[in-house]
Amino acid sequence: QVQLVESGGGLVQAGGSLRLSCAASGRIFSTYTMGWYRQALGTQRELVAVISSGGSANYADSVKGRFTIFRDNGKNTVYLQMNSLKPEDTAVYYCNARRSLSYWGQGTQVTVSS
């Protein structure tokens with residue numbers, strides 16, 4: 001069982017930055033693929049960024065060059081640095097941990113005003 005707790009969401013103006021954090025329980029965090037997903041009102045949840053246990057990262061086309069995912073295995077934490085935010089980035093952002101099973105956090109709201 002893995003428990004995930006997100007933090008760092010909030011209200012920011014377009015062009016601003018936020019850093020999301022996801023703290024995970026468990027002693028084998030380093031073996032999990034970690035991801036950030038988001039769900040805007042009335043839409044399906046979509047992948048934003050994912051980082052493998054080996055540190056390889058992939059991004060949705062919509063956030064490439066603006067968002068960076070990174071992990072600190074010593075702190076059992078994965079981060080999402082979001083720069084140059086746009087109103088269309090407004091969504092609830094969810095952390096995901098995946099190996100043989102998949103675990104989700106409760107989500108954190110990000111609102112970008114124009």
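This tour visits an open sheet and then a set of salt bridges in a predicted model. Residues are numbered from 1 along each chain as its sequence is written, and side-chain values use heavy atoms, with hydrogens and water left out. Local features need pLDDT of at least 70 and side-chain atom pairs pLDDT 80 or more, whereas totals for chains, interfaces and linings use all residues.

**The sheet**

Begin with the four strands that form an open, antiparallel sheet in the order S1-S3-S8-S7. Strands are DSSP runs of E, at least two residues long, numbered from the N terminus; two of them pair if DSSP finds at least two bridges between them. Select residues 4-7 (S1) and 67-72 (S7) to see the edge strands, each of which pairs on one side only. Next, display S3, residues 18-24, which is joined to S1 by four bridges. Leu 4 has Ala 24 in S3 as its bridge partner.

**The salt bridges**

The whole structure contains four salt bridges, each defined by a side-chain nitrogen of Lys or Arg within 4 Å of a carboxyl oxygen of Asp or Glu. Select Asp 61 and Lys 64, whose side chains meet at 3.1 Å, N to O. Both Asp 61 and Lys 64 are exposed (over 50% relative accessible area; buried is under 20%, partly exposed in between, with a 1.4 Å probe and protein chains only).

Move to Asp 89 and Arg 66, where the closest N and O atoms of the salt bridge are 2.7 Å apart. Asp 89 lies in the loop between S8 and S9, and Arg 66 in the loop between S6 and S7, 23 residues apart. Both Asp 89 and Arg 66 are buried.

Finally, select Arg 38 and Glu 46, which form a salt bridge of 2.7 Å, N to O. Arg 38 counts as buried because its relative accessibility is 7%, while Glu 46, at 37%, counts as partly exposed. Show Arg 38, Glu 46, Arg 66 and Asp 89 together to view a network of salt bridges.
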